[in-house]
Amino acid sequence: MKKLLFTGASGFLGNNIRPLLEKSYDVHTIGLTDEDDIKINMAKEVPPINTHYDVVLHAAGKAHVVPKTEAEKQVFFDVNYQGTVNLCKALENAGFPKALVFISTVAVYGCEFGELISEEHPLEGDSPYAKSKIMAEEYLTKWCLDHQVRLGILRPSLLAGKDAPGNLGAMVNGVKKGFYLNIAGGKVKKSVLMAEDIARLLPLLEEKGGIYNVCDSYQPTFGELSASVAKQLGKHKPISIPYWMAWCMAKVGDLLGSKAPINSYKLEKMTKSLTFNNSKARTELGWEPLDVLTNYKI
């Protein structure tokens, strides 16, 4: 059984895919918890790796937070970029793996809205999150080329799975508490990926490498997602409010701060479609994504 080093295994993605990975790999983990095989903060230290691994899945990273200060912005670069550099330094000491798969993000494109955006789109993301991921991608591209390591870069869209963070987690909490509202019929579409698809993609990337957008082939609407969540929770289907009403609520939310259920920034994200093209991954890797509306279970 091949040895797999998995960074960030204690996070949302790890909790959803580690049991699947353990069916095919001898999995060792690096992270911040006592459950990790190597407990260390890679943003600050080079991890003491003494074992040679066949494959590395690098999923450790910082996301889902809007930084307010320069110090908070710097954390993204410390974790997402410097953590990657420190991991590579450790692998140089332990022996180079055959393949390294990096979990990046569609945020690297810098798109707030758009339809079926492909890997050809320039990397124009200017948030600390996006910039730090772009830097990590560029570093890994050179490092893997220099050391003959096959590199796979996945750019997932919104991830669905148990205890999902981000916008999907906010939707689940909102529906659960009875205050989630769709806007203008909930017709906005977002690309979503089942987290477990990362585990299904890993052996394919291990053999081929490459850079891929990964998301479901069907682009669900907010209305469809919230209806599925409500049904699973035994709640009524969320009601829809007109845009003008949401706009007024967002303006109030701007005054209340980041904890408000809606503000102008959140409103824009909820009223503009953002979808990505997965045809490259499907064609080159022979991968077919799981249907999110069928497989997403809370």
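The side chain of N213 makes a polar contact with the side chain of Y109, at 2.7 Å. A polar contact here is a pair of N or O atoms within 3.5 Å; within protein, one must be able to donate a hydrogen and the other to accept it, and residues adjacent in sequence count only if both atoms are side-chain atoms. Before going on: this is a predicted model, in which local features need pLDDT of at least 70 and side-chain atom pairs count only at pLDDT 80 or more, while totals for chains, interfaces and linings use all residues. Residues are numbered from 1 along each chain as its sequence is written, and side-chain values use heavy atoms, with hydrogens and water left out.

Where does N213 lie? It is in strand β11; helices (H or I, at least four residues) and strands (E, at least two) are DSSP runs, numbered from the N terminus. N213 is buried, at a relative accessible area of 0%. The classes are buried under 20% relative accessible area, exposed over 50%, and partly exposed in between, with a 1.4 Å probe and protein chains only. Leaving out residues up to four places away in sequence, N213 touches, among others, V106, I117, R155, F276 and A281; contact means heavy atoms within 4.5 Å.

Now the sheet. It is open, with 7 strands in the order β3-β2-β1-β4-β5-β7-β11 and parallel pairing. Two strands pair if DSSP finds at least two bridges between them. β2 (residues 25-31) and β3 pair over 2 bridges, and G31 stands opposite K39 in β3.

Next, two helices on this sheet. Helix α1 (residues 12-21) lies across β1 (2-7), β2, β4 (55-58) and β5 (99-103), and runs at about 175° to β1. Helix α5 lies across β1, β2, β4, β5, β7 (150-156) and β11, at about 150° to β7. Axes are lines fitted to C-alpha atoms, for helices over the stretch in contact, and angles run from 0 to 180 degrees between N-to-C directions.

Which residues touch the most other members of the largest nonpolar core? Of its 52 residues, they are L21, L57, L154 and Y296. Helix α5 (residues 196-208) gives the largest share of this core, 5 residues. A nonpolar core is a set of buried Ala, Val, Leu, Ile, Met, Phe, Trp, Tyr and Cys residues joined through side-chain atoms within 4.5 Å. A second, separate core has 23 residues, including I40, V56, F102 and L151.

Two backbone points. Most residues other than glycine have a negative phi. D163 has a positive phi, near 60°, and sits in the loop between β8 (158-160) and α4 (166-177). At 61% relative accessibility, D163 is exposed. A184 also has a positive phi, near 50°, in the loop between β9 (182-183) and β10 (192-194). A184 is partly exposed, at 45%.

Last, E72, in helix α2 (residues 70-94). A polar atom of its side chain lies 2.6 Å from the backbone nitrogen of K68. E72 is partly exposed, at 36%.
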